[in-house]
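Please look at the sequence and the model first.

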Amino acid sequence: MTGIADEALIAVDTVMDRISGLADPTLRLGVTGLSRSGKTVFITALVHNLLHGGRLPLFEPQKSGRLRHAYLEPQPDDAVPRFQYEDHVAALIKDRVWPESTRAISEMRLTIDYDAGSFMGRLFSGGRLALDIVDYPGEWLLDLPLLSKDFEAFSREAIELARLPIRARLAEPFLSRLQTIDSQKEASESEARELAALFTDYLRACRTDELALSTLPPGRFLMPGDLEGSPALTFAPLLPAETGGGRNSLRAMMERRYEAYKTHVVRPFFREHITRLDRQIVLIDAMQAMNAGADAVADLERALTGILECFRQGRFNAVTGLFSRKIDRLLIAATKADHIHHESHERLEAIVRRLVDKASERARYHGADVGTLAMAAVRATREGLVEQSGQSLPVISGVPIAGETIGGEIFDGQTRTAIFPGDLPADPNSIFQKGQDGEPAHPIRFVRFRPPMLEKTAGGAALSLPHIRLDRALQFLIGDRLV
Ligand code: GDP
């Protein structure tokens, strides 16, 4: 597909979106983040709170009493799976277990009726906004730079990354097998599959809790969606060769598949989905990275740089030959703030700001209005103070998931427990510093809690999911479109 043909298709999509937007103003909100950053929980909590009149005092349309009614409608894109909202709500509320995480792209439409407070609002929107929420793995965004790289450049960089001290041990089986491969000899499918499998195993190993590394393209190797096992995913980087192989060589096969991955997977994803977004939230698990240490924090910052590149104005033209409809608001939010006491929330927010500042400096980012936030889409804990040796310590309490452990104690999934999570550093710069003996400098005591019971809304009539600052996220992302 040429750049010009791509542009024509995007233009058609944009016109179709605009035409349907005339009937009912629409806003396409992208929700992304690396796996387990909290996308599914965020969307479920957002929709549930809007449908059931949750407590959202910092969401201006609700505060001023102008929200009338929110309801689900069929989504506009038939070819995209629907976000399984009902299943996720049932898991969270009925079973009090966390829902199944995002594995591929999905979408849903929530329509909001409101009293337009302004003359312009009444004139143009008629007091109705269709919010199309698009959930997709952040891993897929990290593929954008591949579009401007040939197979040799991709191989060189992937192997350089694999040889970094923090990754080399995990990449060892892949790297040592590579040494034994003669990429100029005739290709065999079994060799291609073996290399792709070893490469994928290494990428997966980087995502474990202890390492929590973030930058791992190609994104579909970790999150294949419906492409599991397809030839477009059966390739791996190769060591440089003196001469290019013949048409039937392993090298030529890998190169063809890499190009097919770009043409048939990466480019259509950006063209069909990313270029159509109006607003975007990127969720990050900053505390998990901090718990894994300074290398993981640096890696998260590198991933954020890549993500900001994707939303940089003009970047699409330069890299991909695609042009993007401008995303005008971008929110980077650290989730799971209910794992720390509220005294540390400002510190977590300062850490997110620091990460984003560094990433946007590196990405030379300019474009959308960028916001930062520390939040919990679902608050699974309460706060309290515990007296210890004449001192009162701020603690959080919740019901740890069965099997979780802390200090040797194993939890049964039923008992409410208070823990002192520890403090976040006052100086956000210190998250980039290494601790002693390679230990994380600022570990947080972390236990996974079960989802909470519903709580009464402000009016007391309905029940909704408790959260921390979800209303601030909503205000930033859609508040200005409900005026
Ligand atoms: P996804 O891969 O981005 O879709 O991640 P999920 O939304 O499935 O979240 C991954 C896990 O993080 C969940 O299973 C929960 O254990 C945890 N989690 C996500 N959001 C929250 C939150 O707001 N509060 C708490 N306590 N845990 C959360």
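At 21% relative accessibility, Lys-336 is partly exposed, a class that lies between buried (under 20% relative accessible area) and exposed (over 50%), computed with a 1.4 Å probe on protein chains only. This is a predicted model in which local features need pLDDT of at least 70 and side-chain atom pairs pLDDT 80 or more, while totals for chains, interfaces and linings use all residues. Residues are numbered from 1 along each chain as its sequence is written, and side-chain values use heavy atoms, without hydrogens and water.

- Lys-336 sits in the loop between strand E6 (329-334) and helix H14 (345-363); helices (H or I, at least four residues) and strands (E, at least two) are DSSP runs numbered from the N terminus.
- Its phi is positive, near 65 degrees, in a residue other than glycine.

**Other loop residues**

- Arg-469 lies in the loop between strand E14 (463-464) and helix H15 (470-478), and its phi is near 60 degrees.
- With a relative accessible area of 17%, Arg-469 is buried.
- Leu-147, in the loop between strand E4 (128-135) and helix H6 (151-162), counts as buried at 10% relative accessibility.
- The C-alpha atoms of Leu-147 and Arg-267 are 7.5 Å apart, although 120 residues separate the two along the chain.

**Helix H4**

- The buried residues in helix H4 (residues 85-95) include Tyr-85, His-88, Val-89, Ala-91 and Leu-92.
- Down the axis of H4, its buried residues fall within an arc of 160 degrees, so they line one face of the helix; the arc is taken from the directions from the helix axis to the C-beta atoms.
- Helix H2 (39-51), strand E2 (67-73) and strand E3 (106-114) are among the elements covering the buried residues of H4.

Note on methods
Contact = heavy atoms within 4.5 Å.
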